[in-house]
Every structure is written in C-alpha cells, then in structure tokens.
Amino acid sequence: MWTALQVLRMRPAYGFLGRPLKRFEDQHLITGNSQFVDDLKILNMLYAAFLRSPHPHARIRRVDLSRLRRMKSVVVWMTGEEVYRLSKPVPIIWYLPDMRIPRHYALALDEVNHVGEAVVAVAAEDRYEAEDALEMVEVEYEPLEAVVELDKALSQDGPLVHEEFGDNICYRYRLRAGDAEKHLESSQHVLEERFRVQRLAASPLETRGVVAQYEKSTGMLTVWSSTQFPHILRTWLADTLGHDEARLRVIAPDVGGAFGVKGEIFPEEIVVPLLSIKAGRPVKWISTRREDFLSSTHARDVRAYVRAGFTDDGVLKALDVDIEADFGAYLHVFTAGGPFITAHSIPGPYKCDNINIDVVAAFTNKVPVSAYRGFGQPEAAFIMERLMDIAADELHLAPEEIRLRNLIQPSEMPYKASTGVRYDSGDYPTVLKKAVELAGHHLPMPGKRIGVGISFYTETTGFAPSRLFHEDGLVMGGYDSARVRMTPSGNVEVFIGASPHGQGLATSIAQLTADILGVEPGDVKVLHGDTFNTPYGQGTFGSRSLAVAGTAAALAAQQIREKILAIAAHVLGCDRTGLEISGGEVQHPSTSKTITVKEVARQAYLAYNLPHGLFPGLDATVYYDPAGLPKSYGAHVCVVEVDTETAEWRIVRYVVVHDPGVIVNPLIVEGQLHGGTLQGLSQTFLEEVVFDGDGNLLTTSFMDYLIPSSVEAPNIEVHHHETPSPLNILGVKGVGEAGTIIAPPALANALSDALGVKLNSTPVKHGELLRALADG
C-alpha cells in the first residue's frame, strides 16, 4: 500500500500527478453539448408550478380549487392534505441532543411560516399555463404575528413561530474545555467584542430544478435533480415517498453550481415525483430566480458575544463565546450543523486550553438556513481573526506577531485541541511568515490610506468518517466509493459515488488513475451522478471529493494494477518483483521483457492464460471510510487603498499561501482558491439577504442581492506549501471552501487598519467607512 511520500515520488516517474492539465470536463460545456435539468425534454412532459405564501406567518383557513378544476390545460394538482397522506415530512439528516423538530411537509398543511412556503402545486401542459393556473387558486389566510428579528425570537414574552414548543428555541449546545472563567479573571487583558455574520444566499448560476418520470407498468420512478448527492437523495426520497428504492433512480446531470445549497432534499423534490405518479406522465419544475431566493435555503445569520483573555505578551489564555443563530422557520437536511461546526472551529489554528462556548439556535418566520460553502467555519474564522487584530492593536503588537505567538507549532503535530478537535499536519508559522513576506510593504499615495489585513485559518476537509458522523448526530455515512474497470481494449472507466459539479474532480481522478495504471489521462473516463451505474456514495460537499472519493479510486486502481502485474509476470514468464508500469507498457528492467497494458487487458478478459486462482477481468470496487479529517490551512494578506475624501477603496495586493497537502492538479487548486476567495470577499462588502420588519423578503433578484463580477475581482496571487496529510494514502487535503472561510476577515482587517475602526460585522457598508473618515 502506498504512503503519501510514495505518491509524491511518483511524479518524475509518470508525470501526470502534479501537472496543471486542463479540465477534461469543460469541453462539452463550452461546446454547447452540456445537459442541465432544464435541457431535458421528454415526450408528454407536464410543467409544474407552486403557489407560495405571501405571508410570513398565517393559518390556512381554506383552499378553493374550484376554478382550477375547470382549466383544461391543468392535468393534476396537489395540496398539503394530499402530500400529508402520501409522504413523510421533509427529511432531516443532522440531529443534535434535545433538538426540537417542527412539523414540515413538502406543502403547507394548515399553517405557513415564511414568505415563499409552498401551499399548492399544479402541473399543466406548458410552463406558462401552469403559472397562469396558480391565479385560479384561492387561499384564505389568517395572518399571525411574525417573528422576524432574532432578539424577538429569543425574548421570553414574544410571539411564537411554532406554538407547540412554548418558545422559539430549536436547541442549546455547550462546549467546555479547561476553566475559562478562572483564566479570564487572571488574564492581564480581557477583550469584550460583538460580531455578526449576515444572512447569505448561495446563488448558483443554475437555479434548482427537478424532473420526475413514473412508469406505471414497472413502478419505476426516475428523478433528475440538480443535486450534490444523488445516492443520498435516492435513499431519502424512497423513504419519504414510501417507494421501493430498487425502483427509484436518481440522476444528477450537469449542475450549474451548488455551493452547498443543492446538498439538500427540498419540498419540490418530493412534490414533483408525487405529481408524476398521480398524472402518469413526466413532470418538470425549474425554479425562477425569485423562487430560488424564496425557497432555497439561506445561510450564516449568526452573531456572537466574545470575551477573550490575553497575557501582556499576547498569549491567548481563555475564551468565552456566546453564539446566537437564526435558523428561519424549519430544519432542513444540515441546518442543525452550522453553529455546531462554528463552535468546534474555535479557536481555529490557535492554542487555547480554556474555552466556554454556548450556542442557542432559534426559529424565526424566515426562509430556513442550511449548508453553504464553508458551513460554520467562516463564522468562526471571522470571530477569531478579527479578535486577533483587535488584541494586537490593544497590546501594541504587529498582527502577524500575535498570531505567531499563538499558532500551533509543527513540532506539536498531530495536535489535539482542548475541545477535542484534531489537527493532522502542517507548518503554520512558516506559511504565515511567507505570506507576510510576499505581501511586502506599501506606502500610501497622497489622499489615500493603506490598510493591511492578515488572516490565518484551518479548514476541516474530507468531511467524514462514518464513526464521527454518528457521534455528531448525522444519519449518513462518511465513506465514499469508486469502481475502476479496465476494458478489454485497455481503456479505463472510473465510476464514483461522489457527484462533482465544477470542482474538476474527474480530471484529478483521471490523473491519479493514469499514473497508477500506466495509461494516458485521456484514456480514463470518470462517470458519476447516476445511481444505477455508480457505487453508493455520499456525494460532493465539505471539501471531501478528492480526499475521500479520490482515495477510493486510487485504492481500486491499485487493485487493478496488482492484477495487471500478476498477469504480465505470468505471460512474460518472469518474477513479479521488479515489474514496472510506464508509458502503457509493463516492463521488467533486468530482462528487458515488455508487454503492453492493452495486451494484458485483452488477456484478462480472454482468460485462457491466467495465473492459477486469478479471476478473469480487470474490475475493482472500493468503499473507503477515512480515519479522520485532514486540515488544510493557509494565510491571506489583503492590502487596500482607501480614498480619504470619498471612502472608496480598492484591493491593491492580495496574497494567498495555502497548504492543500499533495497537489494533484495545481490549475484546479488555484481555480478553487480564486473562486472561493472572491466569494468570501463578496460576503464582506456586497451580499446580504434582507427582510423587512414584517418578514417580507426584499432581496429577490440580482438587482437587490449583489454578487461580484470581474470588475470587483482583484488579482489573487496563490502560492503553495505542500505538507502531505497522513490520513490518506494520497496525502491530499480539501481545498474547495478555503477562500470563502478566510477572505472576509482579511478584507475587514485591512479596512479596519486603514481607517482605525473596528469592523466586526459583515457586510461592511460604505456609510460605515464614510463615518469612520469623518470621525477620524
């Protein structure tokens, strides 16, 4: 079995691992041969539309469908009563102790709890007729007082989102290490700060969509969904619908971005199959952008009150953190996990033996929140990195110096934090010093101010293993899978349980597999997304694809390699020891005997001349459950220039030094870091989901919810520092969420430095900067 070091040493021998190959996935996308959910056209297909609540909180007194029934173009419809009879509630996968779970079906039954909650579904002959049909439905509502603000949700005498609970608390969670109160009392310096991270929307380019086709004669139900985890969706749909899982097929075609929001089981993914079963015809639903804002889960929406104790020389002694999270109206698949991850991501890369963390998560009459790129970790990073800069200013230390005094040291790896979190490998001080050195020094121009923001982070990647999932309350496995098959002609097919959607995973796996089997990457075809031809896997999320699914593929390919060598030794009449695979040939250096890999593949399937006891074929399947979670890490340095009259600012330098473990494809790694960093920067000054005081969503288009373009994108310099992880044979760590986690405090720190203020909330508004200039 390989070690990470052996993988690194393969590079000069084979030449594909570590090379910046262009992504194989892109050709069909840029040539117009892609197929997204909305591209599907099936004979006799109907089109679904959903009537959604205009109220944030109301009882449903009456639903009148009499006018709808007279519309000839409307084939079937469905109300909450029918969904209640035919299905279970919307699935939840993450449970925490004493967590309250409100009743939540795919269509509202007798009460709506946020604007946009689906009440009635219709399916008509075309999309326009379906939308028109909604106007024929009359719903009588009794408005109730809405809970919009978190303060109102947490008050003892305020209105209730779900009356049956008696208050609006979903759960409380405590994390304790050491004696925080004692060490806070004895600390020379105690900081007290408040932080806020706003509500966000993932906003992938492709909105959500689902197509369902039910075949009555066979009982076969096929569902196409823009999902991140087709196998998980299949299992839970079968359970929710009471449908035989063996007669349920889920296909994830091309997916136009996800960022976590499509790693859910949404009401529409339940209702559209029910409509298809009822009609006996295929049914398609594609969300509008407005619907996406109203019905797809939001994210973040967390605030924290922090007390931190430091010594005179800047050593962090104790932390006391109160986290309050706004969950919105309901729980979705991963909703419960956000603040739980935040709690366990503190103190990040820094040592602190004394920690108190208290979490309270509350319901409000808003769209529910759930996973979004970084999921829980950006909140923790923002708290810790702003805290470090504030402490540095209070103690008259350089921002990098206070970090260096608190970072986990390479000699302490593997490191177990006081909270129980484990860190597998790395050299944190070297990476920080390198980033600061590369950023250099900058002098302000007349009428300008320069600000420098430093941030350092760790990212929990390779979301697994199954044991840890069970301990933390997740009802799913942490493993992933791969089947590697070499055909009789010597081509290679890799079927994976993960479901990539833009990460470049197919290219990375092709590079790995090509190196192991001695073929060209172009001879390796990676297939995914169809539950009927891929092994059961958990999907693509949590920066886990290469670390978990990629390792499974490497292990399966290694089994094929061993069989190739055994057959080659038998055919060549030489000892197995010393045989090498390179350039499409199996070679024995001492005898100069060779045989092509293609010929070995042919012999494996003809099977008349195989070693005794060896089965025909070249086919291996591996289910890989990791030992732990690799921690990637890095430093960002953001340099901003601020105009002293207008408060307009620009990023003049942005440096990233990142340790992703062994790099399989640097082009893909840099792309992930560029995209994630821009997404994080956007959180800092552009994006925010806003509700008015009555619970109406005000940001329902990209005219209101601002996302970055190339105009706002700075030049991002990426530098690598490779430390192989000991937790998988490849030595790889995840990278997909890194930039999103740490870019917000880097920019907030830079702007705070330039203006001499504390910017502890995102997004940073231009008015705040103007006021800072006026006050300064």
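Between domain 1 and domain 2 the count of salt bridges is zero, a salt bridge being a side-chain nitrogen of Lys or Arg within 4 Å of a carboxyl oxygen of Asp or Glu. Keep in mind that this is a predicted model, where local features need pLDDT of at least 70 and side-chain atom pairs count only at pLDDT 80 or more, while totals for chains, interfaces and linings use all residues. Residues are numbered from 1 along each chain as its sequence is written, and side-chain values use heavy atoms, with hydrogens and water left out.

So what does hold the domain boundary in view? Domain 1 takes in 4-34 + 479-624, and domain 2 takes in 376-462 + 628-774; these bounds come from an automatic or database domain assignment. The C-alpha centres of the two lie 37 Å apart. Across the boundary, 30 residues of domain 1 are in contact with 25 residues of domain 2, contact meaning heavy atoms within 4.5 Å.Together, domain 1 and domain 2 bury about 1,900 Å², with 64% of it on carbon and sulfur atoms. Buried area here is the accessible area (1.4 Å probe) that two parts lose on being put together, summed over both. There are also nine residue pairs in polar contact between the domains, both residues at pLDDT 80 or more. A polar contact is a pair of N or O atoms within 3.5 Å; within protein, one must be able to donate a hydrogen and the other to accept it, and residues adjacent in sequence count only if both atoms are side-chain atoms.

On the side of domain 1 that touches domain 2, the elements giving two or more residues are helix 1 (4-14), helix 16 (505-517) and helix 17 (545-572). Helix 17 gives the most, with seven residues. Helices (H or I, at least four residues) and strands (E, at least two) are DSSP runs, numbered from the N terminus. By class, that side of domain 1 has 14 nonpolar, eleven polar and five charged residues. Ala, Val, Leu, Ile, Met, Phe, Trp, Tyr, Cys and Pro count as nonpolar, Asp, Glu, Lys and Arg as charged, and the others, Gly among them, as polar.

Over the whole structure, a search turns up 48 salt bridges. Here are some of them, with the N to O distance.

| Asp 64 | Arg 62 | 3.4 Å |

At 57% relative accessibility Arg 174 is exposed, while Asp 358, at 23%, is partly exposed. The cut-offs are under 20% relative accessible area for buried and over 50% for exposed, with partly exposed in between (1.4 Å probe, protein chains only).

In the Asp 64 and Arg 62 pair, Asp 64 is partly exposed at 21%, and Arg 62 is partly exposed at 38%. Elsewhere, Arg 52, Arg 208, Glu 268 and Glu 291 are linked in a network of salt bridges.

Finally, a look at one proline. Pro 414 is found in the loop between helix 13 (399-404) and strand 16 (415-416), and Pro 414 is exposed, with a relative accessible area of 67%. Leaving aside neighbours within four places in sequence, Pro 414 is in contact with Tyr 423 and Asp 424. The C-alpha atoms of Pro 414 and Leu 134 are separated by 59 Å, with the two residues 280 apart along the chain.
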